[in-house]
Amino acid sequence: MSDIVDLYRDHRGWLMAWLQQRLDCREDATDLVQDTFVRLIGKPDAGAIRQPRAYLRKIAHALLVDLVRHRDIERAYLDILCELGVPVMPSEEDRAIVVETIVRIEATLDALPARARAVFLMSRLEGLGHRDIARRLGVSLSTVEKDMAVAIRHCYRTRFG
């Protein structure tokens, strides 16, 4: 734990400045600095990090990408609600639950191979049958069935099927 305290003391200011340049928001930068160091807790070899700034920057960058993606999804969700003319906006808690669910679904689908993701989305969102998907993608029916099986297994393992 003292290794993390040393890393925090030695690099927190630098990481804060690096994040503030990218975010233009002190509160978000502060949150991401804390989240970055929280990720280090429990790592047995935190003291053995050879290039601490590069390591911290990599963690912080991933957290930054997640934050931006999360906000983009939330903004799109709210835009859709406005376009649909929803008379009563969902509560903050309900919005957070919906946005977090969408983020998890997106991450689940992003982890699939590209063709399996396309097959799954064509089937589930467009309602296409396997033969139509095979024609559209220019692959065999067997390939579509295998890709669909991969996608369904993956979604089941991550609880989004």
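Leaving aside neighbours within four places in sequence, with which residues is leucine 40 in contact? The views below are of a predicted model, in which local features need pLDDT of at least 70, side-chain atom pairs count only at pLDDT 80 or more, and totals for chains, interfaces and linings use all residues. Residues are numbered from 1 along each chain as its sequence is written, and side-chain values use heavy atoms, with hydrogens and water left out.

**View 1. Surroundings of leucine 40.** Beyond its neighbours within four places in sequence, leucine 40 is in contact (heavy atoms within 4.5 Å) with Ile4, Leu7, Ile49, Tyr55, Leu56 and Ile59.

**View 2. The largest nonpolar core.** Two or more residues each come from α1 (2–23), α2 (26–40) and α3, helices being DSSP runs (H or I, at least four residues) numbered from the N terminus. Helix α1 gives the largest share, 7 residues.

**View 3. A second, separate core.** Among the 12 residues of this core are Ala134, Val144, Met148 and Cys155.

**View 4. Crossing of helices α3 and α4.** The axes (lines fitted to C-alpha atoms over the stretch in contact, with angles from 0 to 180 degrees between N-to-C directions) of α3 (residues 52–84) and α4 (residues 92–110) come within 10 Å and cross at roughly 120°.

Technical notes. A nonpolar core is a set of buried Ala, Val, Leu, Ile, Met, Phe, Trp, Tyr and Cys residues joined through side-chain atoms within 4.5 Å. Buried means under 20% relative accessible area, exposed over 50%, partly exposed in between (1.4 Å probe, protein chains only).
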